[in-house]
Amino acid sequence: MAEVTLVEAVNLALARAMEDDPDVVVLGEDVGINGGVFRATVGLQARFGPERVLDTPLAELLISGLCVGMAVQGLKPVGEIQFMGFLYPCIDQLVNHASRIRNRTQGRLTCPMVLRTPHGAGIRAPEHHSESAEAMLAHIPGLRVVIPSSPERAYGLLLAAIRDPDPVVFLEPTRIYRAAKGEVEDSGEALPLDVAFVLREGRDVTLISWGAMLKETMAAADALAAEGIAAEVIDLATLKPYDEVTVLGSIAKTGRCVIVHEATRTGGFGAEIAALIAERGLTSLLAPVARVTGYDTVIPMARLEQKFMPSVDRIVAAARKACQFS
Amino acid sequence: MADGGLPVIARFEVRHRNYLAPDGSINRPLPAFASDASLLASLYRAMVLLRNFDRKAVALQRTGRLGTYAVSLGQEAVSVGIASAMREEDVLLPSYRDNGALIWRGVKLEEILLFWGGDERGNHFSGPVQDFPFCVPVGSQAPHAAGVAYAFKLRKEPRVAVCMYGDGATSKGDVYEAMNFAGVHKLPVVFVATNNQWAISVPLRLQTASETLAQKSIAAGFIGEQVDGSDVVAVRAAAEDAIAAARDGQGPRFIEAVTYRLGDHTTSDDASRYRPEEEVQARWKEEPIARLRAFLAGQKMWSKADEEQLAAECHERVEAAVERYLATEPRGGETMFDYLYADLPEAYVAQRRQLAGEGDG
Ligand SMILES: Cc1ncc(C[n+]2csc(CCOP(=O)(O)OP(=O)(O)O)c2C)c(N)n1
C-alpha cells in the first residue's frame, strides 16, 4: 500500500472513478493540463482526454450549472471550484436546482453531481481563499455535504460521493492537503456517506469535529490523555445529513461534549449539534455542551489567522472545564 | 478607415426575419413548411388552445383555485413556433411562461394546472421525460442547457437543447456564462430570448442599452438572429434553421423573438400601474393569432366553421383538464420527503414519521 497525501488520495479517487465509469466528467478552472491549482486533477486530462477533463471558462456559476445539466443527462460531473471563497456564485444553482430537482420533478429528473472545493483557513492564502461555509451548505435540503479528514477517507468518501445518486458538495481541507499522509489502497472501495467515524474511543468527554480541525482535536485528545482524561473523538465526515446516532451514542457514554470547528461561531454547524444534544441527549449530560470555534469575524488574512482558528490549547481547556463538572 | 486611421477589424450584423405582416399578408416568399396547410393549422390550433387555457387558468386563480399564473397572451407564437421545430428527443429547458412549448411537447393541461396549483406532481409530466420543468429563477436554466448540450456532444448524440428565457433574463450573468461556454465548445444548443418588451415593470430600455438582444450572441461567438415573434411562421422558420445547424455540429444559435406581452406579468401583477393603455391597444393589432388566422383565411385554409369547431374543442379539452386537476387528491404531508434523496437518510426518518402522524417528533 502506498503512502499518499490527502490531495493525492483525491486524485486517485478521481482517476479510479473515471476509469470505472465513462460517464464521470471532471470540469473546472485549470483542471486540465495544469492539473488544478492544488494538483488534485493532475494527469487526468492526459489520461482521459480534454472532453472528460474539461477546462471551463472562469465562471463559477456556470461550472455548477453545467454540472446540473450534465447530471440530469446522466453524466456524473465532478466540478472543481478553485477556492471556497469562489463557491458563493454556485449557491443559487445548489439551492434552486441541484438539491431539489429530484423533488421538484418527483423523481423524473435527478442530479448525481459532485462539486469539490478546498475548504478552510490556515494556509496563508490571499483574501477570500480561506472560507469555511459548510454550515451554509448544510442548511440546504436535498444536498449532501462531505468533508474528509484523512487520505483514506478522502479516497473512500469521494468515490462514494461520485457514485451517490444525489448532489454532493465535497469540501477538501486545504490545510492538510499535503500535511495529512496515510496508506491508501486504490481498491475502488467507497466508504459510507452519512456516517461518522469514531477516531478514538474514550469515556470522559466527546470531541466532535470534521476536516482539518481533527488535527488539533486529535492532538488535544493526546494532551488530555496525559492528564488522565479519556476523550472520544468523532469525525463527523458527512454534515448533511449527519450521523445523529453516533453523536448521541457517544454523549450517552461520556456525558460531556466539545464541538470544534474553524468556521465562525454564530449559526455554525456546532450549534446544530448542540441543539440536537439539548433535545435528545440532555439527560445524559454532566456538563454544558461547549463549542470551540472561529470567531464571529471575517476570517482574517495570514497574520491573524492562527489567532482565529481553534488551537489545541483552546480545545484542551474546554474539555478540561467540561470534566470539572460531575 | 475609422477615426485616427485605425483599421476596422470586425463588423457584425443582425438580421430580422418576418414573413407575415400584422394583417396576414405576405412580406417575403414563405419557407417550405408553410405549404403544408395541416401544419399551419396545427400551429394555429396550438396557439388558440393556449389562449383558451390561459383564460381559464386566470379564472381559476381569481376564484382561489390556482396559484399565481403567468399568461402567454400576445406571445403564443414564440413557444408554439419554437417547440414545433424540435424533435421529441431534443431537450426543452423552458421558463415559467413557456406553457405553449410544453403543451406542444405533450405535457397535459392538468399537469400544468397542478404545477401552478402548487403540486410538484405537475412536474412529473407526460412530455418527453428528459425535458426540464419550468424554471422560476430567471435565466438560471441557461447553464443547464449548456450542460445538457455538452452531454449530447460528448456522447455524439444528434440532439439539441433548446433553452427559453425572457428579455430580462438576458441581463443575468448566468445567461451570458452559458452562451459563452456554448460558443467555446460549439455545443448543440439554441438559446431563445422572448423579448416581450417588459420584465415585470422594467422596460427593455432600462434592461439594456443594446440595440438588439440578438447581438448579445456576437460576443459569445455565434449567430444571433431577430425574428418577428408575433409571426409564428418566422419563429418556426428561425427555429428550424437554428436547430438544424446545431444538430449538424455547427454550434449554438441565438434567437431573439420580438413580441409583446399583452397581459399582466402574472396574476399577481397589475400592468396598468406602469404601462400606458394606448401602447397595449396599439400592440393588439400585431398579435399572432389574428395574424395567422387572417393569412389562413386569405389562403382558404381556414373557415368560420373550422373556427367554431376549434373553439368547441378547446373548451371541451380545457374543461376536462380542469375537472381532472380539481379532482386530484392532495398528498399526505410525509410525501414531501419522498423525492428529497434517492433513499431517505436515516436522520430524516423521524421527521417523516411526524408528518405522517406516526410520531411525536
Ligand atoms: C433571479 C430572479 N430574480 C427575480 C425574479 C422575480 N421575477 C420573476 S419574473 C421577473 C421578470 C422577468 O422578465 P423577463 O425575463 O423579461 O421574462 P418575462 O416574465 O417577461 O417573460 C422577475 C424580476 C426571479 N423569478 N428570478
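Visitor: Why is Leu75(A) called buried?

Guide: This is a predicted model, and every value here is computed from it. Leu75(A) has 1% relative accessibility. Buried means under 20%, so Leu75(A) counts as buried.

Visitor: Where is Leu75(A) placed in chain A?

Guide: Leu75(A) sits in the loop between helix H3 (60–72) and strand E4 (76–80) of chain A.

Visitor: Which residues is Leu75(A) in contact with, leaving aside neighbours within four places in sequence?

Guide: From chain A, Asp23(A), Val25(A), Met70(A) and Pro112(A). From chain B, Ala151(B), Leu154(B) and Arg155(B). Contact means heavy atoms within 4.5 Å. Pro112(A) is 37 residues from Leu75(A) in sequence, with 7.8 Å from C-alpha to C-alpha.

Visitor: What makes Val205(A) buried?

Guide: The relative accessible area of Val205(A) is 0%. The cut-off is under 20%, so Val205(A) is buried. Val205(A) belongs to strand E10 (residues 205–209) of chain A.

Visitor: Which residues does Val205(A) touch, not counting those up to four places away in sequence?

Guide: Ile229(A), Ala230(A), Ala231(A), Glu232(A), Thr254(A), Arg256(A), Cys257(A), Val258(A), Ala319(A) and Cys323(A). As for Gly188(A), it is 17 residues from Val205(A) along the chain, and their C-alpha atoms are separated by 35 Å.

Visitor: What is noted about the phi of Gln106(A)?

Guide: Phi of Gln106(A) is near 50 degrees, which is positive, and the residue is not glycine. Most residues other than glycine have a negative phi. Gln106(A) lies in the loop between helix H5 (101–104) and strand E5 (114–119) of chain A.

Visitor: Is Gln106(A) buried or exposed?

Guide: Its relative accessible area is 6%. With buried set at under 20%, Gln106(A) is buried.

Visitor: Why does Arg124(A) count as exposed?

Guide: Arg124(A) has 61% relative accessibility. Exposed means over 50%, so Arg124(A) counts as exposed. Arg124(A) is not a glycine either, and has a positive phi of about 55 degrees. Its place is the loop between E5 and helix H6 (134–138) of chain A.

Visitor: How do you know that the peptide bond between Lys240(A) and Pro241(A) is cis?

Guide: Omega is about -10 degrees for that bond, which is cis. Most peptide bonds are trans. Pro241(A) is in the loop between strand E12 (238–240) and helix H9 (244–254) of chain A.

Visitor: What makes Phe53(B) and Tyr69(B) an edge-to-face pair?

Guide: Over all chains, the structure has 17 aromatic pairs. For Phe53(B) and Tyr69(B), the distance is 6.3 Å centre to centre, and the planes are 80 degrees apart. Pairing needs centres within 6.5 Å, and edge-to-face needs over 60 degrees. The pair is therefore edge-to-face.

Visitor: Which parts does that pair tie together?

Guide: Phe53(B) is in helix H1 (residues 37–62) of chain B. Tyr69(B) is in the loop between H1 and helix H2 (76–84) of chain B. So the pair ties together parts 16 residues apart in sequence. Both Phe53(B) and Tyr69(B) are buried. Ring pairs link Phe53(B) and Tyr69(B) with Phe115(B), Trp116(B) and Phe134(B) into a cluster.

Visitor: Why is the pair of Phe337(B) and Tyr348(B) called stacked?

Guide: The centres are 6.4 Å apart and the planes 25 degrees apart. Pairing needs centres within 6.5 Å, and stacked means planes under 30 degrees apart. The pair is therefore stacked. Phe337(B) and Tyr348(B) both lie in the loop between helix H12 (304–326) and helix H13 (349–355) of chain B, so the pair ties together parts 11 residues apart in sequence.

Visitor: How do you know that Phe337(B) and Tyr348(B) are buried?

Guide: Phe337(B) has a relative accessible area of 9%. Tyr348(B) has 11% relative accessibility. The limit is under 20%, so Phe337(B) is buried and Tyr348(B) counts as buried.

Visitor: How many helices and strands has chain B, and why is the chain called as compact as a globular protein of that length?

Guide: Chain B has 13 helices and eight strands. Its radius of gyration is 22 Å. The globule rule gives 21 Å for 361 residues. The two values are close, so chain B is as compact as a globular protein of that length. Buried residues make up 54% of the 361 residues in chain B.

How values were computed: Residues are numbered from 1 along each chain as its sequence is written. Chains are lettered from A and ligands numbered from 1 in the order in which they are written. This is a predicted model: local features need pLDDT of at least 70, side-chain atom pairs count only at pLDDT 80 or more; totals for chains, interfaces and linings use all residues. Side-chain values use heavy atoms; hydrogens and water are left out. Helices (H or I, at least four residues) and strands (E, at least two) are DSSP runs, numbered from the N terminus. The radius of gyration is taken over C-alpha atoms; the globule rule is 2.2 Å times the number of residues to the power 0.38. Buried means under 20% relative accessible area, exposed over 50%, partly exposed in between (1.4 Å probe, protein chains only). Rings of Phe, Tyr and Trp (its six-membered ring) pair if their centres lie within 6.5 Å; planes under 30 degrees apart count as stacked, over 60 as edge-to-face and the rest as tilted.
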